[in-house]
Amino acid sequence: MTQDEKLIKRKRNTLIPSKVCDRTKRFMRDLLEVLDQNNVHSVLDKPAIQLLAYTYDNYIKATEMIEQSDIVVYHYTSTGKNLKAHPAVKIQLDAQVQLTKLLIEFGLTPKSRKDIDSAKVQPDASPLELFIQKHKDTA
């Protein structure tokens, strides 16, 4: 491993919060590698990257809770036993929505990646050319 590679690895590790699960750490290492390869993030993105890590971690932990029990739980009241959604379902859904928004911001969804790629290809295009290209791609 070269000195540059060691420096990049050390930089990536400082972006990953220590309190997240191993699955999240692996995901974040892979994600940061992709972001580095595409030159998509800078030092200023550290808070957003850490928010992405915590959000992904919440999603993973909620999913594991649901997998260990069930998507529904029994709720006991004075009228008897009722089924209701597992509380982790809401945590999972909220994390999924937030995660999707963060992935879009970093260009990590198919559509956002396509938008970034088309912007890179035509930096000097006129507004009319960009409009035509955008509508040609969606047609």
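**Helices, salt bridges and a nonpolar surface patch**

Helix 3 (residues 46–68) contains 23 residues and spans 33 Å from its first C-alpha to its last, close to the 33 Å expected at 1.5 Å a residue. The expected span is taken as 1.5 Å times one less than the number of residues in the helix. The structure is a predicted model, in which local features need pLDDT of at least 70 and side-chain atom pairs count only at pLDDT 80 or more, while totals for chains, interfaces and linings use all residues. Residues are numbered from 1 along each chain as its sequence is written, and side-chain values use heavy atoms, with hydrogens and water left out.

The secondary structure of the protein consists of six helices and two strands. Helices (H or I, at least four residues) and strands (E, at least two) are DSSP runs, numbered from the N terminus. Along the sequence the elements follow the pattern α-α-α-β-β-α-α-α. Among contacts (heavy atoms within 4.5 Å) between residues at least 6 apart in sequence, 55% join residues at least 24 apart.

Of the 139 residues in the protein, 24% are buried. Here, buried means under 20% relative accessible area, exposed means over 50%, and partly exposed lies in between (1.4 Å probe, protein chains only). The accessible surface of the protein is about 10,100 Å², and 57% of this surface belongs to carbon and sulfur atoms. Accessible areas come from the Shrake-Rupley method with a 1.4 Å probe; for residues, only the protein chains shown count as cover.

The buried residues of helix 3 include Ile49, Leu52, Tyr56, Asp57, Ile60 and Ile66. Helix 2 (residues 22–37) has 16 residues and reaches 23 Å from its first C-alpha to its last, close to the 22 Å expected at 1.5 Å a residue. In helix 2, Thr24, Met28, Leu31, Leu32 and Leu35 are buried. These residues lie on the same side of helix 2 because they cover an arc of only 100° around the axis, the arc being that of the directions from the helix axis to the C-beta atoms. An α-helix has 3.6 residues a turn, so residues three or four places apart point the same way. The face of helix 2 turned away from its buried side carries the exposed residues Asp22 and Gln37. Asparagine 39, which follows helix 2, has a positive phi, near 50°.

The count of salt bridges is three, each defined by a side-chain nitrogen of Lys or Arg within 4 Å of a carboxyl oxygen of Asp or Glu. One of them joins glutamate 64 and arginine 23 (3.9 Å, N to O). This pair links distant parts of the chain, with glutamate 64 in helix 3 and arginine 23 in helix 2, 41 residues apart. Glutamate 64 is partly exposed, at 30% relative accessible area, and arginine 23 is also partly exposed, at 40%.

Aspartate 57 and lysine 61 form a salt bridge whose closest N and O atoms are 2.7 Å apart. Both residues lie in helix 3, four residues apart, about one turn of the helix. Aspartate 57 is buried, with a relative accessible area of 3%, whereas lysine 61 is partly exposed, at 36%. Lysine 90 forms a salt bridge with aspartate 94, with the closest N and O atoms 2.9 Å apart.

A nonpolar patch on the surface is formed by Ile71, Val72, Tyr74, Tyr76 and Leu83, with about 560 Å² of accessible area together. Patches are made of residues with over 30% relative accessible area and no salt bridge, like charges being joined within 9 Å and nonpolar side chains (Val, Leu, Ile, Met, Phe, Trp, Tyr) within 5 Å. Strand 1 (residues 72–77) gives the most to the nonpolar patch, with three residues.
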